[in-house]
Amino acid sequence: MIRVGVNGYGTIGKRVADAVAAQLDMELVGVTKTSPDYGAEAALRRGYDLYAAVDDQAAAFEDAGLAIAGSLADLLDAVDVVVDCTPAGIGERNRPIYDAHGTPAIYQGGEDAAIADASFNARASGDVSEADSLRVVSCNTTGLSRLLAPIDEVYGVEKARVTLVRRGGDPSETDRGPINDVVPDPATVPSHHGPDVNAVLPDIDVDTAALKAPVTGMHTHSVNVTLEREPTAAEVRELLRDETRLFLIPERAGIDGAGALKDYASDLGRARGDFWENCVWEESISVEGRDLYLFQNVHQEADVVPENVDAIRALASDISREESVARTNDALGVGLESLLSEDGAPRDQVAADD
Ligand SMILES: NC(=O)c1ccc[n+]([C@@H]2O[C@H](COP(=O)([O-])OP(=O)(O)OC[C@H]3O[C@@H](n4cnc5c(N)ncnc54)[C@H](OP(=O)(O)O)[C@@H]3O)[C@@H](O)[C@H]2O)c1
């Protein structure tokens with residue numbers, strides 16, 4: 001069993017904690033919080049041991065009647081890997097603490113790439129077996145890397161151009177915006193997302209331009225890739241359909257946006273309505289000469305979660321990347337396309353009828 005601690009139990013941390021707890025080869029030792037709020041209470045109700053991220057805050061948890069299992073130092077001494085899910089920039093401050101405890105660490109995409117030995121995406125990054133620390137790239141970069149890696153392998157990417165319409169904030173972030181506008185953010189091109197893709201796919205020529213919109217559900221990417229070869233749109237669809245962490249939204253599904261996607265995930269019984277897969281509109285996949293076009297959505301709160309699980313195995317085991325991805329997908333239920341047949345009936349139903 002790989003013993004795991006999650007430092008920072010917020011949007012990403014609580015999902016990573018649940019995903020770790022669902023793995024047969026991992027044990028979630030505990031999670032940290034700085035404040036004794038509803039998130040801390042929910043962690044305890046879920047049966048997770050709670051540790052104080054900041055020593056002088058421990059008394060506040062006791063005052064609130066929330067039992068604390070120990071300090072961050074105690075957690076670090078009890079785990080094989082710590083997953084840092086603290087707000088952007090705090091991971092950099094935590095790094096010397098992890099190093100002092102000799103605890104291999106995984107950081108998130110809000111940190112600079114230099115924080116870790118390597119940046120990580122399970123589909124796209126190269127060999128990381130020598131790394132003692134990893135940085136799971138951001139939600140947008142994860143979405144782009146998963147998409148561009150298979151396209152580059154099969155057709156060659158001459159140049160990718162992506163416009164990212166980013167969600168203004170997560171649903172719980174009441175202080176984020178904009179609330180009544182769509183703003184270029186940054187107004188300069190390229191945005192940092194293209195260079196971040198190069199942290200895991202160094203040879204891909206990709207430019208990104210980014211905006212922020214007053215929505216909380218998902219990011220939307222408008223993708224144009226000039227390819228080295230000239231496939232048909234049908235061939236690209238089949239290529240992407242074979243990727244377990246890409247969900248091709250069938251036209252017949254009647255899904256027209258992030259709201260319906262989240263509704264679908266909720267209807268499937270997925271906790272928090274999470275979509276771990278990129279969601280690619282199947283009918284948007286078009287080829288004009290060597291230019292490929294498509295739209296995809298990525299659920300910013302969720303797509304990095306399976307990647308964190310695979311990053312844990314990459315740091316703390318000899319399990320192959322393929323085996324890790326298979327285990328993670330199996331434990332979480334990642335891989336939706338297989339649920340739908342060509343005519344829209346659930347595949348189980350088709351098999352039974354056959
Ligand atoms: N949200 C996204 O869409 C998203 C997507 C991909 C990657 N990321 C990246 O993931 C990281 C975490 O983002 P997030 O959205 O999950 O942030 P978040 O929702 O604000 O959660 C951060 C958590 O860290 C805790 N924390 C704050 N200061 C801390 C400290 N000094 N030590 C330990 N824990 C501390 C907070 O606890 P308290 O509430 O108790 O203070 C909170 O539980 C960032 O690098 C971000 O860029 C975010």
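Reply: A residue counts as exposed when its relative accessible area is over 50%, and as buried when that area is under 20%. Keep in mind that this is a predicted model.

Start with D77. Its relative accessible area is 54%, so D77 is exposed. D77 belongs to helix 4, which covers residues 72-77.

Now turn to T226. This residue is part of strand 12, residues 219-227. T226 has 11% relative accessibility, so it counts as buried. Its side chain has polar partners. One is the side chain of D291, at 2.7 Å. Another is the side chain of R161, with a polar contact of 3.4 Å.

Next, the backbone. Most peptide bonds are trans, and most residues other than glycine have a negative phi. Look at the loop between strand 10 (183-184) and helix 7 (193-197), where P186 is placed. The bond joining D185 and P186 is cis, with omega about 0°. P190 is found in the loop between strand 10 and helix 7 too. The peptide bond from V189 to P190 is also cis, and its omega is near 5°.

Finish at R272. R272 lies in the loop between helix 9 (258-267) and strand 14 (278-281). Its phi is positive, near 60°, and R272 is not a glycine. With 34% relative accessibility, R272 is partly exposed, because that class lies between the buried and exposed cut-offs.

Terms used
Residues are numbered from 1 along each chain as its sequence is written. This is a predicted model: local features need pLDDT of at least 70, side-chain atom pairs count only at pLDDT 80 or more; totals for chains, interfaces and linings use all residues. Side-chain values use heavy atoms; hydrogens and water are left out. Helices (H or I, at least four residues) and strands (E, at least two) are DSSP runs, numbered from the N terminus. Buried means under 20% relative accessible area, exposed over 50%, partly exposed in between (1.4 Å probe, protein chains only). A polar contact is a pair of N or O atoms within 3.5 Å; within protein, one must be able to donate a hydrogen and the other to accept it, and residues adjacent in sequence count only if both atoms are side-chain atoms.
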